[in-house]
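Please read them with the model open.

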Amino acid sequence: MIPILNLNPEIEQLRPEINKAIARVIDTTQFIMGPEVKSFEREVADYLGVKYALGVNSGTDALVIALRTLDIGPGDEVITTPFSFFATAESIGIVGAKPVFVDIDAASFNINIDLIEDAITSKTKAIMPVHLYGRPCNMDAIMDIAKRHDLKVIEDCAQSFGARYNESHTGTIGQVGAYSFFPSKNLGAFGDGGLIATNDEGIAEMADKLRKHGAVKKYHNEILGYNSRLDSIQAAVLRVKLPYIDSWNEGRIKAAHHYNRYFDGIEGIKAPEIVEGHIFHQYTVCFEAKKRDKIQAFLKNNGIGTMIYYPIPQDQLPIYAGQYEEMPVSLQLGNEVLSLPIGPSISEHDLKTVAEAVIKAIQ
């Protein structure tokens with residue numbers, strides 16, 4: 001069996017360090033907002049190159065709190081992509097705002113910047129780009145649009161920790177970045193976890209207040225907030241893993257290059273572009289819609305794990321039934337995409353095995 005992601009190699013590599021870090025938390029008995037969280041926040045802020053980094057309970061909470069820090073709520077609109085996990089649109093709805101979907105660019109899977117301005121109305125308050133599969137969006141263009149229309153930018157970096165756009169990490173270009181540490185992410189915890197990154201002191205202060213029940217001082221609650229704190233064990237695990245993230249991302253990029261060489265010139269498969277800064281949280285290919293499910297079934301029967309991210313665009317989910325017109329590119333790609341096994345330690349043998357099976361399935 002070749003799973004879509006095998007976490008065992010990195011766990012075994014770091015097991016002594018992780019065990020020591022977890023034991024350190026147990027010995028201190030400071031399980032919530034303890035020194036491990038503070039240390040991780042300093043270290044990850046330094047890595048990202050931002051002034052402030054705040055650990056929260058999940059990537060979804062990071063998005064919700066990020067929106068709240070920008071005073072986005074009922075009556076507001078936020079422009080985003082339909083081609084993402086539901087947490088993107090869900091976070092907008094949770095704060096009472098309306099997601100406004102803009103179709104994607106077929107080559108990058110990211111929001112089509114040429115369509116954004118047509119979606120702006122008097123109610124638009126922000127743009128929420130998603131760096132899907134680990135590929136950075138065109139942030140120069142997005143920030144230029146936001147500046148011209150006085151909009152805020154919240155970067156959804158759930159799949160792009162460590163990715164770079166030009167010289168900047170994703171999540172550090174807009175007003176605020178939101179990250180996920182779900183175990184399968186490029187930087188994953190041993191449970192849920194998330195992060196808010198910003199260079200704005202006011203945003204950081206509000207995010208800190210919101211994650212702690214709306215209080216700066218205990219028992220002096222000022223606003224309705226959340227119980228959304230990164231626990232100390234997760235922070236300790238992430239501290240161990242953080243120094244390895246760049247080398248792990250390089251391993252993913254190397255794997256993507258191997259795949260693309262195998263698929264070069266093969267009719268019937270569209271391999272992803274390899275661009276600067278892309279860290280391949282997923283390696284996602286496209287097949288003809290009528291063949292995709294059969295190819296996936298063939299790979300499964302040959303012991304190869306795959307996933308479809310995402311079969312139903314957000315705007316067409318049951319919760320939004322009849323509210324949005326279909327977006328052709330997102331709808332088409334939802335029927336064509338298939339993510340293949342990838343990870344920092346996937347072997348060349350496994351890459352070749354997967355590629356050969358894909359090629360055989362097509363023919």
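1. Start at Phe-263. Leaving aside residues up to four places away in sequence, Phe-263 touches Ile-269, Tyr-283, Val-285, Leu-340, Ala-355, Val-358 and Ile-359. Contact here means heavy atoms within 4.5 Å.

2. This is a predicted model: local features need pLDDT of at least 70, side-chain atom pairs count only at pLDDT 80 or more, and totals for chains, interfaces and linings use all residues. Numbering runs from 1 along each chain as its sequence is written, and side-chain values use heavy atoms, without hydrogens and water.

3. The largest nonpolar core has 40 residues, and Phe-263, Tyr-283, Leu-340 and Val-358 have the most contacts inside it. Such a core is a set of buried Ala, Val, Leu, Ile, Met, Phe, Trp, Tyr and Cys residues joined through side-chain atoms within 4.5 Å. Buried means under 20% relative accessible area (1.4 Å probe, protein chains only). Helix 11 gives this core its largest share, 8 residues. Apart from it lies another core, of 24 residues, including Leu-54 and Ala-126.

4. Strands (E, at least two residues) and helices (H or I, at least four) are DSSP runs, numbered from the N terminus. Two strands pair if DSSP finds at least two bridges between them.

5. Strand 5 (residues 152-156) and strand 8 (residues 176-180) run parallel, joined by 3 bridges. Ile-154 stands opposite Val-176 in strand 8.

Methods: Buried means under 20% relative accessible area, exposed over 50%, partly exposed in between (1.4 Å probe, protein chains only).
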